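Hi,

Here is the structure I promised to pass on. My notes on it follow below.

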Amino acid sequence: PQLLTTDKPMEDKAFFQGAIPSLKIKQRELDDLCQLTTSTALPSLNECTVQPSSIKICRTTLDINTNVDAARNLVRDQLSECRVMSLDTEWDVNKNAGGYIVGQGTVALIQLGFRIASDGPIHVLLLQVYNKKTLPDRLVKLLADTSITFVGRAIAGDMAKIGRDFSNATNIKQIVKTLDLGVMARARDVV
């Protein structure tokens, strides 16, 4: 064969090219076709950085409510097309002796990122929500604010998990306005 697909191309490349020499030949041909000259190279993108001083860790309900309210007001002051916040969630997973996931904990951390101006620094809120049965009320109001778009990779899954884990956010997935960056990247042939 000259072509082969795998779900782990970088990990499987050496094995399959060693086992099937025609793959190695075809890969060289494809690599030669894809060489970009400096005149056709894609422009470089600025690296996304966050200054440590722009990261705020919020542990208590009062701290979360205060900082979420402030962030919401700052984002809502932007033009409508610039009202964007990134969102990601983290939780523990339980694995068996073989390393397979057999269960998961509740959402422990919600990460929000935003800019006050389109060319301004990125601000981050790390909201520690582990051991909470309900989300702080201002966080629920933020997530339900349809004037703000929340972006992230597989963000619908994060919203569904929030809805399952917190009794006051059960319908949040149906309310929140989201944009999945993974779907957007695939649609534009970025990945």
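Ile57 is found in strand S1 (residues 55-58); strands (E, at least two residues) and helices (H or I, at least four) are DSSP runs, numbered from the N terminus. With 37% relative accessibility, Ile57 counts as partly exposed, that is, between buried (under 20% relative accessible area) and exposed (over 50%), using a 1.4 Å probe and protein chains only.

Before the rest, a caveat: this is a predicted model, where local features need pLDDT of at least 70 and side-chain atom pairs count only at pLDDT 80 or more, while totals for chains, interfaces and linings use all residues. Residues are numbered from 1 along each chain as its sequence is written, and side-chain values use heavy atoms, with hydrogens and water left out.

Now to strand S5 (residues 149-152). Both of its faces are covered: Thr149 and Val151 are buried on one side, Phe150 and Gly152 on the other. S5 runs parallel to strand S2 (residues 84-95), joined by three bridges (pairing takes at least two DSSP bridges between the strands), and Met85 stands opposite Phe150. S5 also pairs in the parallel sense with strand S6 (residues 178-180), again over three bridges, with Leu179 as the bridge partner of Val151.

Phe150 turns up again in the largest nonpolar core, which has 28 residues; Phe150, Ile110, Leu112, Leu127 and Leu135 have the most contacts inside it. Such a core is a set of buried Ala, Val, Leu, Ile, Met, Phe, Trp, Tyr and Cys residues joined through side-chain atoms within 4.5 Å.

Cheers
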